[in-house]
Each structure stands twice: as C-alpha cells, then as structure tokens.
Amino acid sequence: GAAVRTGILAAHYQSAPPRPMLRFHDVGDQSDAIGPALQRAAAEGADLVIGPLRRDQVAELADGAAPTLPVLALNAIPAPDRNGLASGFGVLPEHSARSAARHARAGSQRLVAALTPADGRGERVLQAFEAELARVDAQLPGQPGLVIVEKRYQPEEADHSVAIRQLLALSDSDTRYRRLREVLDLAPEHRVRRRQDIQAIFMEAYTGQGRLLQPQLKFHQGGD
C-alpha cells in the first residue's frame, strides 16, 4: 500500500497543473472497511476512488453494495462482478505463471524444475504453469514441455537450502560420493554436481521471498 501511495503522489506532482485534490483513506486489512471508506470519500466530494489493493477487498467491493462513485480497483476484478466496477488492473500469479511457461517454450527450454510455496497459491500457480505448457505444446511439433521435478518451500522460513538441494538433486550427489568412499575405502576429490537435465527453473515467490531464494539458488548451482 505504501508503494502505491508513493507512486500516486510522484505522478501527481509530476503532472501539469491544475491537479486534482488527493485524499488517502487507510482501510487496513479488513474487507468490511471498504464500505465506510467509500462513504467518506463520497461525503468529501470525490469524483473517483482508486483502490482497494487487496484481492479480497476488491472481491468484497464487487459483491457488496454498489458503490456510488467510479472505482479503479488495484487488483483483478473477480467474476461475477455484480456491481460493474469501472475498471481494475492487476497481474494475478496465475497470469505470470502462464507467461513464464510461454517464455520457456519460446526459448526451447522443455525440461523444467519448479520451486513453489507450500500453500494454496503455490498449488494454483503450478497448475497454471503446467496447463499453459500443455496448451502451448498442443500447437508445437516435437517433444512436450514437462515439469520433471517440483519442490515446495515454506514461505515463512528464510533458509530454503533443503528444498533447493532436493530440487537440484544435490543430496543424491552427496549420497553417491559417500557410497563410493565406502567401496574404495578412500576419500577421493569430490565436487557436488546438480542434476544436468534441468533446462529452466520456474520459481514462484513473493517479493521478499524472491530476494532470499535467488541467491540461495545461485549458491546451490541453480543460477545458470
């Protein structure tokens, strides 16, 4: 929310006068705060409402009492939209997943490893990615795109090394080395190698988690 407010103010002061008057109402995380906020905006003489941002709040607005003002929702408007909201925009995670699938196939990256959060969002995004791979493959000759390995990480945690090592089969490399050392009764030089059939990694994460996952993937040989 703070980033949206900053962006609106920046665009406002960069535009040529006369500029419209801006008023901001904090509705927090509660969907039932939308109605009172709209009433305050109408009482203050607003001509347009920008927001809300949260998806559940937009859904409440679309399904509740019809707003008396035009509304530019800052997230995708769900169906059905009983109130015919003026407009809305937002990139759903599923949309990004479909775009990633098309990008992978356009680059001839057929074998994909997927790293997604262990929650409902991660499940929906992975389903959207795989469905788009199948849709694109139906239009292309040759072998289909496949998610050959998929691991889930806990989004509330900071260390994702276990999930990443399992995704890239680094643990298997360690296991092979230990067995070889036992058979030979020696300690040969060992360099951990990730599985070599992965052509692309599809990762779904919120911004904060993405900042944590990217360097961890690179550290574990998943950055190339």
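The charged end of R5 is placed over the ring of F24, 4.3 Å from its centre, and that of R121 over the ring of Y206, 4.0 Å from its centre. A charge is taken to sit over a ring when NZ of Lys or CZ of Arg is within 6 Å of the ring centre and within 35 degrees of the ring normal. The model is predicted, with local features requiring pLDDT of at least 70 and side-chain atom pairs counted only at pLDDT 80 or more, whereas totals for chains, interfaces and linings use all residues. Residues are numbered from 1 along each chain as its sequence is written, and side-chain values use heavy atoms, with hydrogens and water left out.

The count of aromatic pairs is 1, where rings of Phe, Tyr and Trp (its six-membered ring) pair if their centres lie within 6.5 Å, and planes under 30 degrees apart count as stacked, over 60 as edge-to-face and the rest as tilted. The pair is stacked because the rings of F129 and F202 have their centres 4.2 Å apart and their planes at 15 degrees. Helices (H or I, at least four residues) and strands (E, at least two) are DSSP runs, numbered from the N terminus. F129 is buried at a relative accessible area of 1%, and F202 is buried at 7%; buried denotes under 20% relative accessible area, exposed over 50%, and partly exposed in between (1.4 Å probe, protein chains only).

Strand β6 (residues 200-203) presents A200 and F202 on its covered face and I201 and M203 on its uncovered one. Strands β4 (residues 111-117) and β6 run parallel and are joined by 4 bridges, pairing being assigned if DSSP finds at least two bridges between two strands. A200 in β6 is the bridge partner of V112.

The largest nonpolar core comprises 12 residues, including A113, L115, Y153 and A163. At least two of its residues come from each of β4, β5 (146-153), α6 (161-167) and α8 (207-219), and α6 supplies the largest share, 3 residues. Another core, of 11 residues, lies apart from it and includes A101, A114, V125 and F202. Such a core is a set of buried Ala, Val, Leu, Ile, Met, Phe, Trp, Tyr and Cys residues joined through side-chain atoms within 4.5 Å.
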